[in-house]
2 protein chains.
Amino acid sequence: MTHIYNFSAGPAVLPKEVLIQARDEMLDWHGSGMSIMEMSHRGKEFMAIAAEAEADFRELLAIPANYKVLFLQGGAHAQFSMVPLNLLRDKKTVDYVDTGIWSRKAIDEAAKYCQVNIAASSAADHYTYAPTQDEWQLNKNAAYVHYTSNETIGGVEMFWTPEVSDVPLVADMSSHILSRPIDVSKFGIIYAGAQKNIGPAGLTIVIIRDDLIGHASSYTPSMFDYKIHADNGSMYNTPPTYGIYIAGLVFKGLKAKGGLAAMEQANIAKAELLYGYLDSSDFYSSPIAVENRSRMNVPFTLKDASLDELFLKESHQQGLLQLKGHKLVGGMRASIYNAMPIEGVQALVDFMQEFKRVHG
Amino acid sequence: MTHIYNFSAGPAVLPKEVLIQARDEMLDWHGSGMSIMEMSHRGKEFMAIAAEAEADFRELLAIPANYKVLFLQGGAHAQFSMVPLNLLRDKKTVDYVDTGIWSRKAIDEAAKYCQVNIAASSAADHYTYAPTQDEWQLNKNAAYVHYTSNETIGGVEMFWTPEVSDVPLVADMSSHILSRPIDVSKFGIIYAGAQKNIGPAGLTIVIIRDDLIGHASSYTPSMFDYKIHADNGSMYNTPPTYGIYIAGLVFKGLKAKGGLAAMEQANIAKAELLYGYLDSSDFYSSPIAVENRSRMNVPFTLKDASLDELFLKESHQQGLLQLKGHKLVGGMRASIYNAMPIEGVQALVDFMQEFKRVHG
C-alpha cells in the first residue's frame, strides 16, 4: 500500500517525522551504540531524555510549578482506581459526570471504593451531548468531581472548564490532550493514556496538584500511590522508556509547529471540514449536539446502514483505514488527532462524496 | 562509537537482528502502511501479532494448557501487590523466602495485606547465597509461597525448584526467564518484567494456573484482577502493543536458535567464562556462593575499590557499557542475558586481564 490515512481511535496515527527519527535512531541513539530500548532508565542518556520530555510537555501545556507530571503505566483504566484510592481521604462521596462509555467505566470503578453521586448524565439521550454546568448537581462534601472531557467512543467533547469551587476537579483527557490549550490551574488532576495524541500505548501521563499527593488509602498498592511515583521522579519502577522517548519526539514536533494554539487552529479546520460535509449531506449524519462535537473523534452514520460494510471495504481499498465505529455504538468513526493532516480529512470527504454519488 | 557491549541489568541489550527488523518495519508493517505503534490493538493485524507472540512464548516454555499467559503492565512491582490481592482469599498468612533486595520489595508490599512469614532468609549473610530447601520453614496454612529465583541486584540464582506440597508456588523470574527450561507445572504463578530477557520496559508477562484466577479481594483495582485480564485475553485495556511486538520478535529468534535448551548451554558457557576468570584471579572476586552464582547477573569486586572509578572509565572507553554495580551493593555487575553474545563476555574478560596487568 503506497499511501494511507489511519483514522484509528487509538493506538493511533503518529507524526511521520517522529517515526522516521525513531527508525533512524533505532540501533544507535546519538552515537551511544545502544537503542533507547536497551538503556538503563537510570543512566545519564535516558535520564536526560525523560527530563527533556517532561520539560517540553510542561511548556506545551504551561503547567504551573505546583503540579507534578508523572509518567506512569496502566492507561486511563489504572487512573479509574488511582483517583479514588488517592483522593478519597476521609470523605464518603464523590461526584461524577456521566457523558458516555468512558465516564461509565470510571464511575463503575470508583463505586468499589465510595458512594458515587452522578452529578449529571446524558444517558437518557444516548450520550449525544454533554450536560451544561447548570445541569450539574454538585455535592459540597464530595472528595472530588470527575468528568471525561472527550468521550472517545461517543465523540462528545466539552470545550468549557467546569466551576467546582474548592473541590478538586479531575479530568480524563486521554483523547484530546495536546489538541488545544488548557488552563491546568483549574484542575486537581488531569490524566491521559498516551495512545491518542501523545505516543505509543503503555504510557500514561498524570498532571497532579501537589496538595493532592500523599493521601492514599492504606490498602492502595504502592504502584497506585501518586506519592511514591512523585517522590521517585516517575522512576520508582522501570518506566516505559521507549514510550517516553517517542512522546518526547512528539512534544518536540508540536513545539516546532507552534504549540497548542497552532494545533487548535489546525484541529478546528479539520473538524469544520468533516462536520461541514456531514451537515451538507442527507446521506451521512452526525448524531452529536453541535456544541459538543468532538474535534478528535467524529462518529457518523450512513442513512442506509446496510451500506456500512461496503463503505468500510471501499474506504479501506482507498487507503482510508480503521473507520469502523466502536462496536457499542456502530456506524463509522473518524479519529482525527493532531497527527492526522488535513489532507487525510479531505481524502475522507472526497471518498464520502464519491461513495454517495455511486450508492446514494 | 563503532562497537559496544551493553551489560545493563535492565532495560538491557536486545538481539541485534530484532532491532534491525523493528527498524525496517517501523514505518510500514508488512505493507499495512502503518507502524505497529499506530495500529488499533483490536485490529486483525495486531491481534495476530499478539496471538503469535503468546503461542511462541508458550512453545518456548512448554506451558501446559491449564495456564493462562497474560501480557500486562507495571513490572514486577505491580505483581508484588497483585499476588497477595488475588491469592490471599480467606487465608491470613503467606510464606516468602528472602534472598535479596527484590525479595524484600515483594515482602514489604505483601505485608500491607497479610502476615508475611519469612520462611528462610540469607540476610544475615549479606544475601550471598540462597537458603536450600531444608532451611525453609514453610507454613501449611500459607496462601502461597513466594520466592525470587534470580536476584538481579545480588546476583543470586536458584537452579532448583522448591517442593511446596499443594500450596501455590509463586516465582519472580524477571531476570532469568527464557534463559533455561522451566517446569511450569510446578508453579502457581510465574511473573517477569520484560526488560531483561523478553523485550522493552513496560511489558510484564504473567503465567498463571487457571484455578488461581477469580479470587481477587473486593478492594482490588480492576487492573490488578487477574480474572479481568484473563477473561479479556489481555485486552481489557489497551496493552503495550509495541512491547508485545518486540517480545514476539525476540521469541521467534529464540526458537530459531534452538529454544531454551540451546540458550541454557550458551548461558552456561558465558557464565563459566566469566566466573572462571574471576576465580582464577586474586585481583577480582565474586561474593556469591558457587551453587547460587547467577548466569544472568554477575556482580564482582576489585580487590582495591579505589580503582573502581578507573575501571568503569576505561571499560567504557573500550565499549563495555553499564558495568557499574547497583548503588546498594557497590562494585561492578555484568549482566549477561540471552542477547549478550559470548564475544561480549570474552571482550570483558580480555579487558579485565589487561586492566589487572596495568593496575594490579
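## Basis of the description

The model is predicted, so that local features need pLDDT of at least 70 and side-chain atom pairs count only at pLDDT 80 or more, whereas totals for chains, interfaces and linings use all residues. Residues are numbered from 1 along each chain as its sequence is written, chains are lettered from A and ligands numbered from 1 in the order in which they are written, and side-chain values use heavy atoms, with hydrogens and water left out.

## Relation of the two chains

## Nonpolar cores

A nonpolar core is a set of buried Ala, Val, Leu, Ile, Met, Phe, Trp, Tyr and Cys residues joined through side-chain atoms within 4.5 Å. Buried means under 20% relative accessible area, exposed over 50%, and partly exposed in between, with a 1.4 Å probe and protein chains only. The largest core holds 126 residues, of which A:Y242 and B:Y242 touch the most other members. Neighbours within four places in sequence aside, A:Y242 is in contact with A:A22, A:M26, A:I36 and A:M37, and also with B:M26, B:M37 and B:Y242 of the other chain. Another core, of 66 residues, lies apart from it and includes A:W102, A:V116, B:I107 and B:F224.

## Helix packing

Helices (H or I, at least four residues) and strands (E, at least two) are DSSP runs numbered from the N terminus. Axes are lines fitted to C-alpha atoms, for helices over the stretch in contact, and angles run from 0 to 180 degrees between N-to-C directions. Angles under 35 degrees count as roughly parallel, over 145 as roughly antiparallel, 65 to 115 as roughly perpendicular and the rest as oblique.

In chain B, the axes of helix 1 (residues 16-24) and helix 6 (residues 241-256) come within 9 Å and cross at roughly 130°. Helix 1 of chain B and helix 6 of chain B are therefore oblique to each other. Helix 1 of chain B contributes B:V18, B:Q21 and B:A22 to the contact, and helix 6 of chain B contributes B:Y242, B:Y245, B:I246, B:L249 and B:V250.

In chain A, helix 7 (residues 259-280) and helix 9 (residues 342-359) pack at an angle of about 10°, their axes 9 Å apart. Helix 7 of chain A is therefore roughly parallel to helix 9 of chain A. Among the residues making this contact are A:L273, A:L274 and A:Y277 of helix 7 and A:V345, A:V349 and A:M352 of helix 9.

## Backbone features

The peptide bond joining A:G10 and A:P11 is cis, with omega about -10°, and A:P11 lies in the loop between strand 1 (5-6) and helix 1 (16-24) of chain A. In chain B, the bond from B:G10 to B:P11 is likewise cis, with omega near -10°; B:P11 is in the loop between strand 1 (5-6) and helix 1 of chain B.

A:H30 is not a glycine but has a positive phi of about 50°. A:H30 is placed in the loop between helix 1 and helix 2 (44-61) of chain A and, at 56% relative accessibility, counts as exposed. A:S165, also not a glycine, has a positive phi of about 55°; A:S165 counts as exposed at 70% relative accessibility.

A:S165 is found in the loop between strand 7 (156-157) and strand 8 (169-172) of chain A, and A:V167 is in the loop between strand 7 and strand 8 of chain A. At 12% relative accessibility, A:V167 counts as buried. Not counting residues up to four places away in sequence, A:V167 touches A:K140, A:A142, A:A143, A:Y144 and A:V145.

B:H229, in helix 5 (residues 226-231) of chain B, counts as buried at 2% relative accessibility. Beyond four places in sequence, its contacts include B:L70, B:L72 and B:Y236. A:H326 lies in the loop between strand 13 (320-321) and strand 14 (332-335) of chain A. A:H326 is in contact with A:I153 and A:R333, leaving aside neighbours within four places in sequence.

Notes:
Contact means heavy atoms within 4.5 Å.
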